[in-house]
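The sequence and the model are shown first, and the description follows.

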Amino acid sequence: TTSEPQHFEAENPKLNVVLMDFGAKSNIDRELLRRGCNLTVVPAHTTAEEILSMNPDGVMLSNGPGDPAENTAVIEEIKKLTDKKIPMFGICLGHQLMALSQGGKTKKLKYGHRGANQPVRDIKANRVYITSQNHGYAVVSEDLPGNAEVSFINGNDNTCEGVDYKDMPAFSVQFHPEACGGPLDTAFLFDRFIDMMKENKN
């Protein structure tokens with residue numbers, strides 16, 4: 001994680017996003033900047049109060065390594081942010097941490113998902129996407145809280161690959177939409193986050 005907050009200006013800024021850096025890949029920055037988001041990247045243990053003082057239009061939870069359940073202090077801060085109903089988008093570890101903040105559970109996979117050819121199925125659209133993944137833990141679908149529903153599942157083992165939250169402007173995915181298996185694939189999820197922030201401002 002970054003040791004100090006870093007700020008990046010978009011060419012034609014429309015929104016302000018805080019990215020909690022748990023080991024974030026640079027392409028997350030690029031995907032947000034090219035969509036008109038001024039971006040402040042903050043260390044993993046930044047408090048909710050510090051993030052709220054930045055008046056963000058949305059909060060991004062990045063990818064990162066390790067057992068998500070060990071990050072108890074971070075999970076508590078994410079819970080405080082979700083209680084404020086700030087638009088939130090989580091990727092990989094961020095997806096797992098968001099689920100844990102809502103009372104969900106995670107588990108270690110017998111076989112982790114690695115590589116740039118992992119199939120995931122969009123449940124609502126009934127469409128399969130080829131995704132890039134690198135993780136050894138997964139959110140347990142059966143233990144999601146009542147405010148959450150599975151949005152994507154893995155095409156190989158049916159594990160949870162995405163969650164939508166019904167009582168707050170938040171969603172997350174286990175795979176990497178910023179590292180597409182093909183030319184565009186799931187980069188549309190960044191557009192969904194942008195639309196969510198704009199709608200929340202109105």
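## Terms and basis

In this report, two residues are in contact, or touch, when heavy atoms of theirs lie within 4.5 Å. The model described here is a predicted one.

## The sheet

The model contains an open sheet of 10 strands, arranged in the order β1-β3-β2-β4-β5-β10-β9-β8-β6-β7, with mixed pairing. Its edge strands are β1 and β7, each of which pairs on one side only. From one strand to the next, the twist averages 20°.

Strands β6 and β8 run antiparallel and are joined by 3 bridges. Across this pairing, arginine 121 stands opposite isoleucine 153 in β8. In general, the strands of a sheet pair through backbone hydrogen bonds, in either a parallel or an antiparallel manner.

## Strand β3 and its partners

With strand β1 (residues 6–8), β3 pairs in the antiparallel sense over 3 bridges; here histidine 7 stands opposite threonine 40 in β3. With strand β2 (residues 15–21), β3 pairs in the parallel sense over 7 bridges, and valine 17 is found opposite leucine 39 in β3.

Two residues of the loop between β3 and α2 may be described in turn. Alanine 44 is found in this loop and counts as buried, at 10% relative accessibility. Leaving aside residues up to four places away in sequence, alanine 44 touches Thr1, Met20, Asp21, Phe22 and Val74. The C-alpha atoms of alanine 44 and methionine 54 are separated by 16 Å, and the two residues are 10 residues apart along the chain.

Histidine 45 lies in the loop between β3 and α2 (48–52). With a relative accessible area of 61%, histidine 45 is exposed, whereas alanine 44 is buried. Histidine 45 and glutamate 31 are 14 residues apart along the chain, and 23 Å separates their C-alpha atoms.

## Helix α4 and its surroundings

Helix α3 (residues 72–83) packs with helix α4 (residues 93–101) at an angle of about 75°, the axes being 8 Å apart. This angle makes α3 roughly perpendicular to α4. On the α3 side, the contact is made by Val74, Ile75, Ile78, Lys79 and Thr82, and on the α4 side by Leu97, Met98, Leu100 and Ser101. Classified by residue type, this contact of α3 with α4 has 6 nonpolar, 2 polar and 1 charged residues.

Helix α4 is mostly covered, since 9 of its 9 residues are buried; among them are Leu93, Gly94, His95 and Gln96. Helix α4 also packs on the sheet, where it touches β4, β5 (88–91), β6, β7, β9 and β10 (170–173). The direction of α4 makes about 120° with that of β5. Just after α4, glycine 103 takes a positive phi of about 100°.

## A buried serine

Serine 62 is located in the loop between β4 (58–61) and α3. This serine is buried, with a relative accessible area of 0%; the cut-off for a buried residue is under 20%. When residues up to four places away in sequence are not counted, serine 62 touches Leu19, Met20, Asp21, Phe22, Gly23, Ala24, Ile28, Ile91, Leu93 and Gly94. Of these contacts, Leu93 and Gly94 are also among the buried residues of α4.

## Two asparagines with positive phi

Most residues other than glycine have a negative phi. Asparagine 126 has a positive phi, near 50°. Its place is in the loop between β6 (106–122) and β7 (127–139), and asparagine 126 counts as exposed, at 57% relative accessibility.

Asparagine 158 likewise has a positive phi, near 65°. Asparagine 158 is found in the loop between β8 (148–154) and β9 (160–165). At 53% relative accessibility, asparagine 158 counts as exposed.

Note on methods
Residues are numbered from 1 along each chain as its sequence is written. This is a predicted model: local features need pLDDT of at least 70, side-chain atom pairs count only at pLDDT 80 or more; totals for chains, interfaces and linings use all residues. Side-chain values use heavy atoms; hydrogens and water are left out. Axes are lines fitted to C-alpha atoms, for helices over the stretch in contact, and angles run from 0 to 180 degrees between N-to-C directions. Helices (H or I, at least four residues) and strands (E, at least two) are DSSP runs, numbered from the N terminus. Angles under 35 degrees count as roughly parallel, over 145 as roughly antiparallel, 65 to 115 as roughly perpendicular and the rest as oblique. Ala, Val, Leu, Ile, Met, Phe, Trp, Tyr, Cys and Pro count as nonpolar, Asp, Glu, Lys and Arg as charged, and the others, Gly among them, as polar. Buried means under 20% relative accessible area, exposed over 50%, partly exposed in between (1.4 Å probe, protein chains only). Two strands pair if DSSP finds at least two bridges between them.
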